[in-house]
Amino acid sequence: MSANETIFIQHHHEEARPLQYYLSKMEGYSAAKKALSMSTDAIIDEVKKSNLRGRGGAGFPTGVKWGFIPKQSPKPKYLVCNADESEPGTFKDRDIMRYTPHLLIEGMVIGGYAIGAHHGYIYIRGEYTRETKLLNAAIDEAYAQGYLGKNILGSGFDFDLTVHRGAGAYICGEETALLNSLEGKRGEPRVKPPFPAQSGAFAGPTIVNNVETLAAIPHIVTRGGEWFSKLGKIEKSGGTRLVSVSGHVKKPGVYELPAGAFTIRQIIYDICGGVLGDKKLKAVIPGGSSAPVLTADEIDVIYDIEPLMKIGTMLGSAALMVVSEDYCMVKLIKRITKFYAHESCGQCTPCREGCKWMEDVLHRIEDGHGREQDLNLLLDIADNIGGKTLCALGDAAAGPVSSFVKKFRADFEAHIRGGKCPNA
Amino acid sequence: MATKQLSQKFYDAMKKLEPRYPTKVALLLPALHAAQDEWGWLPKEVLEEIGEYIGIHPAQVREVASFYTMYNLKPVGKYHIKVCTNVACCLRGADELVEHLEQKLGIHCGETTPDRRFTLMEEECLGACGTAPAMMLNEDYHENLSQERVDQLLEGLR
């Protein structure tokens, strides 16, 4: 049944990791061989046709992004894989790296060739020590067999690949912060422009792509952009998508679903077995903790970029977090806000001061010391952070707070009036 | 500088990495990781030696090291426990797990036991939300945790 055709998840098991499996069961490195005989424009066209949109969170069309890279550059160009996977709720890239590392490597070889880069970096979050070792082992295998290094598969194209570990900073998932971190600096986002495609890693033209995005590339090259595009069941969003489901569901985990094929209700109740303990659904955070929250009445929405945007939230990294009726919404948003306050890099005043302030206000509401005017204060602070910072962390902190206060106002008011959590 | 704090193995590893980056400063994060692997944490002398190797001021090393939570600028216990308390883990009982560990170890989050065996910390999202709650014990992930599983794990260390 084509609606359920998958390209990743059937290989997400331990036996899939070695090069031998990749070559025999996944047509390994045949896409690279094909790509290296194509023109770079033809590859970029195929990726454009595929309607592949970045899987890290922003959903930018990958082919269009690649097209921004200047053909000629006095400085070396770089392809960087964003394997920071730090958006709370997201755990899909970890599976790609630990089960099918060669798929990512092959995607990077093709991407490197397409944009004219001879060195790639995989920026992986520091906590993923096991995945770092597995990737390095796979990279060694690829070098030994001539899939990386000089004159790959006799094509004359050289490409080196290096794994670079982060060290525990959410902000390094933001691409310019990531580049600073790669360069040995504090992970502080840069002022844009210049965009990385003009001046990125080591001031060279750079493309930063998410793990899942790059892992889709070999499939697109092998079977064509049009085929990939049709895997998606919604306009302008091709392929399948790895959805990370967590929280109060019976069957949490990574699911590969055709883009735009299911509503959130179907994902929770039909695919993930329903709410844990058959409790009532209270809320859904649809796209990682940065995404504005949805109530139980809002889940008949198609789970993809544009339908979610239309109702004021976002798909983000496709990390769906499910909350059941008896969990305290004030406690939840305080925890989310504490995270952003902790992870703010501190460069922009609205984010640095505002996140901490929101955390403090939420803390006192949770503790039963809140005041009636605190709710409007929270909305006011959030409004003064959103859109007023260098990077998206400010918006990521502000959006959830506004949405929780607006959609679950009664829960907050009960804390303030009752002097404690009504569930406690 | 006086006697070297970092081993030949460290310098060999760095030498191998050097051609991988167009600048030497880019070696800073890998160097801090490698040094911490040897020391368990990053004493002042080690930061200075890294600065000397890379050719930057020790203040620049510290400026960067202090930005990232994984670099320990204070000594930690032999067993460094980091419990994820972010959203998905909280929804699955991470707070109770932290309380349990605090009681069991007799310390608060952020502290080290007097015998220097255990350091307990809260961690932000580890990317193991589908198998929450999760924690790291030194470099290893432990997932689908319950109080009983944590107890078993700690027993195995004694």
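Buried here means under 20% relative accessible area, exposed over 50%, and partly exposed in between (1.4 Å probe, protein chains only). Keep that in mind as you select chain B: of its 158 residues, 51% count as buried.

Before going on, note that this is a predicted model, in which local features need pLDDT of at least 70, side-chain atom pairs count only at pLDDT 80 or more, and totals for chains, interfaces and linings use all residues. Residues are numbered from 1 along each chain as its sequence is written, chains are lettered from A in the order in which they are written, and side-chain values use heavy atoms, with hydrogens and water left out.

**Chain B**

Colour chain B by secondary structure and you will find 7 helices and 4 strands; helices (H or I, at least four residues) and strands (E, at least two) are DSSP runs, numbered from the N terminus. Its C-alpha trace spans about 50 × 35 × 25 Å along the principal axes.

Now pick I50(B). Apart from neighbours within four places in sequence, I50(B) is in contact (heavy atoms within 4.5 Å) with L6(B), F10(B), L28(B), A31(B), L32(B), A35(B) and V61(B).

**The cores**

I50(B) is also one of the residues with the most contacts inside the largest nonpolar core, which has 160 residues; W66(A), L332(A), F412(A) and Y68(B) are the others named. Such a core is a set of buried Ala, Val, Leu, Ile, Met, Phe, Trp, Tyr and Cys residues joined through side-chain atoms within 4.5 Å. Show helix α6 of chain A (residues 101–115) next, as this helix gives the most to the core, with 9 residues. A second, separate core has 24 residues, including L257(A), I268(A), L281(A) and L320(A).

**Helix α14 of chain A**

Select residues 349–366 of chain A. These 18 residues form α14, which reaches 25 Å from first C-alpha to last, close to the 26 Å expected at 1.5 Å a residue (1.5 Å times one less than the number of residues). Among its buried residues are C351(A), C355(A), M358(A) and L362(A). An α-helix has 3.6 residues a turn, so residues three or four places apart point the same way. To see what covers the buried residues of α14(A), show α13, α15, α16 and α17 of chain A, which are included in that cover.

**Last stop: S324(A)**

Is S324(A) buried or exposed? With a relative accessible area of 3%, S324(A) is buried. This residue lies in strand β9 (residues 319–324) of chain A, and its contacts beyond four places in sequence are H248(A), V275(A), K279(A), K280(A) and K282(A).
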